[in-house]
Amino acid sequence: MDEEALTTLAFGSDAGSAASIPRDGTPRQRLLAAIVLGARGRYATAAAVLDPLRRGRDPLTASLAASTLASHRRQLGGHVAARKLDGEALLAVGLRGAGERRAAGLATTDSPTTSLLPATASSSTPASSASRDSPGSAPAEDPNGLDLQGARADALLGLAADNLALGRISAARRLSIRAAQTDRRWRATVRGGWVGAEIELADGQPEAAVAPARLAYETAVACHAQRHVVKSGIVLGVALLAAHQSGARELVLTAAEDAEKYELDSLNWVAARVAADLEPDRAEEYRFRSRQVLHAVLRHADPCMMRIARESPWVPVGPG
């Protein structure tokens with residue numbers, strides 16, 4: 001499978017048409033393959049592809065691989081593990097100026113800024129620099145954000161989501177704002193909308209969560225990014241439901257149908273659980289399907305993901 005086909009699967013309108021995903025090829029092809037594998041819930045296979053990439057010599061590929069692996073950890077609630085990877089991702093591509101250093105918690109010791117990165121990551125700051133960028137690793141500017149600018153935004157948004165899950169709402173807001181300033185293209189806008197909505201929901205402001213969630217959904221739809229449309233539909237549906245606004249049911253049920261259609265198991269089990277709350281007459285059917293898909297996902301998880309699932313308060317690994 002060539003790079004164009006993999007890109008379409010990862011970011012385009014045909015999110016689940018391929019019967020099998022290759023694990024070889026160029027570093028960029030392997031990265032795209034891992035993104036697709038993770039979306040399908042094939043976490044162990046994706047991790048086996050991503051680990052060598054994040055340890056490779058090209059800092060851009062290493063950063064994108066670490067951010068991708070972090071997102072997989074977060075999908076089952078592994079925010080502590082994800083935070084380390086997101087810190088690694090940001091450090092791989094370097095930090096631009098004092099403002100970004102403060103946003104990442106790497107300012108001087110007299111700064112009052114709370115550290116947002118794990119200590120193990122912040123201690124390695126001198127090793128990471130934008131000067132390590134390899135000009136041959138990817139196009140100077142990639143429409144899907146697989147470039148230096150997009151890698152920084154991915155890492156910052158990942159850290160925002162990690163800090164939010166750890167109860168650090170103010171830190172999450174700062175990181176989210178910095179990510180928006182770093183990259184304003186479609187994928188960063190969509191992911192920023194997800195994080196922005198989650199921040200407002202966590203802060204007890206469901207009405208404020210609707211706008212960023214809607215922006216994410218509308219942007220994904222306009223870009224025909226099927227995988228992002230599915231997740232954005234779930235996020236917007238949850239925001240509308242929390243804000244007691246109409247439209248949640250149709251969005252979530254459509255997302256559940258599309259997750260099933262495109263074999264997006266990482267989203268399928270979540271969509272089904274949300275749908276159960278919106279469809280009382282079919283609640284048990286949706287809950288059963290959610291458990292069924294989650295069981296399949298865990299069968300294809302690596303040991304780290306299995307441990308995360310067992311410890312996660314919102315992943316139902318047992319019966320029911």
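Colleague: Exposed means over 50% relative accessible area, and buried means under 20%. With that in hand, is His244 buried or exposed?

Modeller: His244 counts as exposed because its relative accessibility is 75%, which is over the 50% cut-off. Please keep in mind that this is a predicted model, and that the percentage is a value computed from its atoms.

Colleague: Where is His244 placed?

Modeller: His244 is in the loop that runs between α12, residues 226-242, and α13, residues 248-261.

Colleague: And what is the phi of His244?

Modeller: The phi of His244 is near 60°, a positive value in a residue that is not glycine. As background, most residues other than glycine have a negative phi.

Colleague: Which loop holds Glu263, and what is its phi?

Modeller: Glu263 is in the loop between α13 and α14, the latter covering residues 265-278, and its phi is near 60°, again positive in a residue other than glycine. Glu263 is partly exposed because its relative accessible area is 39%, a value between the 20% and 50% cut-offs.

Colleague: Let's step back a bit. How many helices and strands does the protein chain have?

Modeller: The secondary structure of the protein chain comes to 16 helices and 0 strands. Of its 320 residues, 55% count as buried, and among contacts between residues at least 6 apart in sequence, 65% join residues at least 24 apart.

Colleague: How many aromatic pairs are there?

Modeller: The structure holds 1 aromatic pair. It is formed by Phe11 and Trp186 in an edge-to-face arrangement, with 6.4 Å from centre to centre and 80° between the planes.

Colleague: Is Phe11 buried or exposed, and what about Trp186?

Modeller: Phe11 is buried, with a relative accessible area of 6%, and Trp186 is also buried, at 13% relative accessibility.

Colleague: Which residues have the most contacts inside the largest nonpolar core?

Modeller: Those are Phe11, Ile21 and Leu31, in a core that has 45 residues. Helix α2, residues 27-39, gives the most to this core, with 7 residues. Apart from it lies another core, which has 19 residues, among them Val230, Ala271, Ala272 and Ala276.

Colleague: What does Ile21 touch?

Modeller: Leaving out residues up to four places away in sequence, Ile21 touches Leu6, Leu9, Ala33, Val36, Leu37 and Arg40.

Colleague: Back to α2 for a moment. At what angle do α2 and α4 pack?

Modeller: α2 and helix α4 (residues 59-75) pack at an angle of about 10°, with their axes 11 Å apart. Angles under 35 degrees count as roughly parallel, and α2 and α4 are therefore roughly parallel to each other.

Colleague: Which residues make that contact?

Modeller: From α2 the contact is made by Pro27, Leu31, Ala34, Ile35 and Gly38, and from α4 by Thr61, Leu64, Ala65, Thr68, His72 and Gln75. These residues divide into 6 nonpolar, 5 polar and no charged.

Colleague: New topic, then. Where is Leu278 placed, and is it buried or exposed?

Modeller: Leu278 is in helix α14, and it counts as buried because its relative accessible area is 14%. Leaving aside neighbours within four places in sequence, Leu278 is in contact with Leu241, Ala248, Arg249 and Val252. Leu278 and Gly237 are 41 residues apart in sequence, with 9.9 Å between their C-alpha atoms.

Colleague: How many residues apart in sequence are Arg299 and Arg42?

Modeller: Arg299 and Arg42 are 257 residues apart in sequence and 8.7 Å apart in space, C-alpha to C-alpha. Arg299 is in helix α15, residues 283-299, and it counts as exposed at 58% relative accessibility.

Colleague: One last item: which helix holds Ala208, and how far apart in space are Ala208 and Ala243?

Modeller: Ala208 is in helix α11, residues 206-222, and it counts as partly exposed at 34% relative accessibility. Ala208 and Ala243 are 8.5 Å apart in space, C-alpha to C-alpha, and 35 residues apart in sequence.

Key. Residues are numbered from 1 along each chain as its sequence is written. This is a predicted model: local features need pLDDT of at least 70, side-chain atom pairs count only at pLDDT 80 or more; totals for chains, interfaces and linings use all residues. Side-chain values use heavy atoms; hydrogens and water are left out. Helices (H or I, at least four residues) and strands (E, at least two) are DSSP runs, numbered from the N terminus. Buried means under 20% relative accessible area, exposed over 50%, partly exposed in between (1.4 Å probe, protein chains only). Rings of Phe, Tyr and Trp (its six-membered ring) pair if their centres lie within 6.5 Å; planes under 30 degrees apart count as stacked, over 60 as edge-to-face and the rest as tilted. A nonpolar core is a set of buried Ala, Val, Leu, Ile, Met, Phe, Trp, Tyr and Cys residues joined through side-chain atoms within 4.5 Å. Contact means heavy atoms within 4.5 Å. Axes are lines fitted to C-alpha atoms, for helices over the stretch in contact, and angles run from 0 to 180 degrees between N-to-C directions. Angles under 35 degrees count as roughly parallel, over 145 as roughly antiparallel, 65 to 115 as roughly perpendicular and the rest as oblique. Ala, Val, Leu, Ile, Met, Phe, Trp, Tyr, Cys and Pro count as nonpolar, Asp, Glu, Lys and Arg as charged, and the others, Gly among them, as polar.
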